[in-house]
Amino acid sequence: MTPAESRQITERMLQHLAAGTTDLAARAMEVPADEFLSLERLEKEREQLFLNTPQVIGFSGELPGPNTFLTATVLHVPVLVTRTEDGALRAFLNACAHRGAPVAAGCGEARRLTCKFHGWSYGLDGCLAGRRSEASFDDAGSNDLVALPVAERCGLIVVGLRPDISRHRVDTALAEIEPELSGFDFERAVPVGSYRYEAKANWKLVAGLSHEAYHFASVHRNSLAPLMHDSAVVDTSGRHTRWAFALRGIEKLANRDPAEWPERFPGAMNHTIFPGTVIVVNPDDAEMIRVEPGNTPGESVIYYSGVSRRPDNLEACREAFEFGGQLFTQEDLPAAEASQRGLAAGLPRVIIGRNEPVVQCWHQLWNRELGEGDYAE
């Protein structure tokens with residue numbers, strides 16, 4: 001995103017604040033409760049939206065140089081991503097060719113990765129580098145790690161969870177939103193932390209927490225609401241969205257020459273990448289919220305990670321990351337879990353208002369991908 005584009009979003013936000021308005025959908029929408037409760041629906045979502053769709057799993061800055069690696073889990077699929085000595089990005093199933101145990105954990109720097117089960121070791125190119133009792137094994141099949149398609153776009157790492165997903169699909173997964181994501185320096189961002197959470201709520205309810213500000217005044221009354229406006233600027237880019245909301249105080253810019261406005265939007269921009277990974281971009285830092293289905297319709301798993309785009313302001317970025325995590329676990333997730341209980345108790349549908357256009361957009365996108373068509377409005 002260029003400074004000029006950032007100022008355009010600022011101008012749209014100032015217009016909303018002056019008028020007391022926000023971006024709106026054409027009309028309210030209803031989603032049947034069964035879509036949060038059905039096991040059949042859950043299996044379709046897991047297969048089509050996740051296992052068969054390229055997934056954003058991290059920031060390029062988490063692999064800062066040659067001979068580095070990171071691991072991730074997506075729907076129980078163990079993933080290993082490496083940057084080899086020549087700087088090339090590679091991805092594999094994090095499963096030793098011997099018995100399937102992981103060959104790496106967490107992230108770090110190494111020239112070899114060694115399985116802790118029987119000691120087989122691999123280079124960062126995925127090739128078997130050594131094993132004990134070599135004479136006990138033949139070479140009837142490949143003993144290298146199973147390669148997965150991977151790409152690096154706008155400082156984000158995109159992986160296909162199955163070897164047969166085409167490289168083209170992974171390479172072009174972010175094509176529609178790349179102009180909006182460029183210029184954020186994710187390639188040089190420094191990691192500040194990561195957490196894994198579980199919630200007793202359908203993954204779509206959890207994803208929706210990052211798609212609307214209507215709940216700020218109630219759920220975040222004493223935490224986020226005093227800091228942020230709840231007016232929103234919304235844009236779509238194919239199967240992806242951008243939702244921007246501003247810090248209080250932005251209204252003072254209305255009296256200044258736009259040429260003097262900050263180059264970066266004074267607030268947060270939530271870029272949601274299909275099927276639901278959220279990249280929250282703030283002036284100095286960024287967070288990734290990766291939500292996926294759990295084992296039942298009423299469960300989800302959330303991976304939350306953060307990076308600093310200003311290494312000289314690392315501690316402040318780490319504090320912002322921790323603050324965001326506290327809000328998410330102590331305020332947002334309990335609200336989603338309460339909604340799930342209401343649906344399980346017999347609530348027939350979920351209502352999504354005109355003032356929640358991004359939530360509406362994502363339910364329409366998911367439904368279309370599953371071949372279910374549009375919701376009646």
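Colleague: What makes up the lining of the largest pocket by class?

Modeller: The lining has 17 nonpolar, 7 polar and 3 charged residues, where Ala, Val, Leu, Ile, Met, Phe, Trp, Tyr, Cys and Pro count as nonpolar, Asp, Glu, Lys and Arg as charged, and the others, Gly among them, as polar. This is a predicted model, in which local features need pLDDT of at least 70 and side-chain atom pairs count only at pLDDT 80 or more, while totals for chains, interfaces and linings use all residues. Residues are numbered from 1 along each chain as its sequence is written, and side-chain values use heavy atoms, with hydrogens and water left out.

Colleague: Why is this called a pocket, and what is the volume of the largest pocket?

Modeller: On a 1 Å grid over the protein atoms alone, a pocket is an open set of points where a 1.4 Å probe fits, with protein on both sides within 12 Å along at least five of seven lines, and lining residues have an atom within 4 Å of a point. About 630 Å³ of space lies in the largest pocket, a volume being the space filled by probe spheres set on points joined across faces, edges and corners. Of its 27 lining residues, Leu224, Phe245, Val280, Asn282 and Gly324 are the closest to the centre.

Colleague: Which element gives the largest share of that lining?

Modeller: The helix α7 does, with 6 residues, a helix being a DSSP run of H or I with at least four residues, numbered from the N terminus. For the second largest pocket, of about 490 Å³, α7 again gives the most, with 5 residues.

Key:
Helices (H or I, at least four residues) and strands (E, at least two) are DSSP runs, numbered from the N terminus.
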